[in-house]
Amino acid sequence: SAAVAAARMGAETALVHNRPVVGGNASRELGVGIAGAARKHSNARESGIIEEAGRIKAHRDSPRMTEPFRVLTEAEDNLDVFRNMHVTDAGTEDGRITSLRACNTVDNTRHRYRGRFFVDATGDGWLGHYAGADSRLGREAQDEFDESLAPKKSDDITMSGCIMRMCCGYEATHTGEKVEYKPPEWAPTFPTKEKFARHIRGVSRGSWWLEHEGTIDDLWDPEKARDELIRISLGYWDYIKNISEYQDEAARYRLSLVPVGHAKRETRRLMGDYIMTQNDMQDGRRFSDRISYGGWPLDVHHPEGIYSGEEGPFYCNPHVPIYTVPYRSLYSRNVNNLFLAGRDMSVTHIALGTVRVQSTLATFGQAVGTAASMCLERNTNPRGIYRDHIKDL
């Protein structure tokens, strides 16, 4: 959304993307659903580019957002898309990014892209990291921002992601005859059904709560995180087939797919001039520099993942009113030509629970792409847009 918005505003734009298809976590490669305030508030919707994409999706009967965003990106003359390019470094000078380096994930060739303004939409905040942007990882202590839902002490725990390919965890196929399943020795075991505390909606697919513990490092050791999620999927299928109350229903199902694509929920967050907190959301705060809205619950998953037992899959999940999002949370506070778009934006761990969903993040991206083009037009920087041009934005 950021790239499309910048190009539409007249900026020559490069979308440097480390996957073979566009659409991010909502692509057909992974398949995260499109959610936002509209899912929890009857008189709300996410408009703009994400709504355009949704209409293309409906018109073309696309299962996910790859085709809609292919159509949108290819329609922009000012936009070039560079696929399979994984950012590996940044060139900086006087507190600004001058270029980024990327490695082609198919042929291992090395590339450099220069620009005047950059948007970190990597999720993991890698461009900001390489440029020396201020960042946070894990959970803040309760007293740092007066967040009642935060833990007493800070730590490095983050929410687990899911392995996905249009499904969470696994797919199973009905065979018409009974099929036995014996898990590998390295698959985990789960509690009895009385202590499992999960709402199982069927046996043919997994669920969003097939998650590892939050102490596993999705940022610096993503392969271990992915492998742990594979273990969990195989152990959970054993639970369904051989332990749970769904044994009879599952008897004729065979495990047919365990995905390997890792759809992450939380890693590094880059700090802006403002850090959004739990209280901003729960109070429905209206910022003077608001550029969009949110309204998904404060949906923070349990730090023990699927091993949380009777405590269930949530750490917290309270409803929030429609709240506004300040522009100041969408640019770096110390790298003066870096915008933030996606879950690496400037929020606390608790606040991330509500802003991290796809529709909500897409609207932030549109605002950021628009602001980047305005920086070029008006010969200013992200902070200058806030100080001098926020009403125009």
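Which residues in H2 meet which residues in H3? Before I answer, please keep in mind that this is a predicted model, in which local features need pLDDT of at least 70 and side-chain atom pairs count only at pLDDT 80 or more, while totals for chains, interfaces and linings use all residues. Residues are numbered from 1 along each chain as its sequence is written, and side-chain values use heavy atoms, with hydrogens and water left out.

Now to the helices, which, like the strands, are DSSP runs numbered from the N terminus (helices are H or I with at least four residues, strands are E with at least two). On the H2 side we find Ile49, Ile50, Glu52, Ala53, Ile56, Lys57 and Arg60, and these meet Glu67, Pro68, Phe69, Arg70, Val71 and Leu72 in H3, where contact means heavy atoms within 4.5 Å. By class, this contact of H2 with H3 has eight nonpolar, no polar and five charged residues; Ala, Val, Leu, Ile, Met, Phe, Trp, Tyr, Cys and Pro count as nonpolar, Asp, Glu, Lys and Arg as charged, and the others, Gly among them, as polar.

Let me turn to the sheet. Three strands form an open sheet in the order S3-S4-S5, with antiparallel pairing, and two strands pair if DSSP finds at least two bridges between them. Strand S3 (85-93) and strand S5 (110-114) each have a single partner strand and stand at the edges, so one side of each is left without a neighbour in the sheet. Eight bridges join S3 to strand S4 (residues 96-104), the two running antiparallel, and glutamate 93 has arginine 96 in S4 as its bridge partner.
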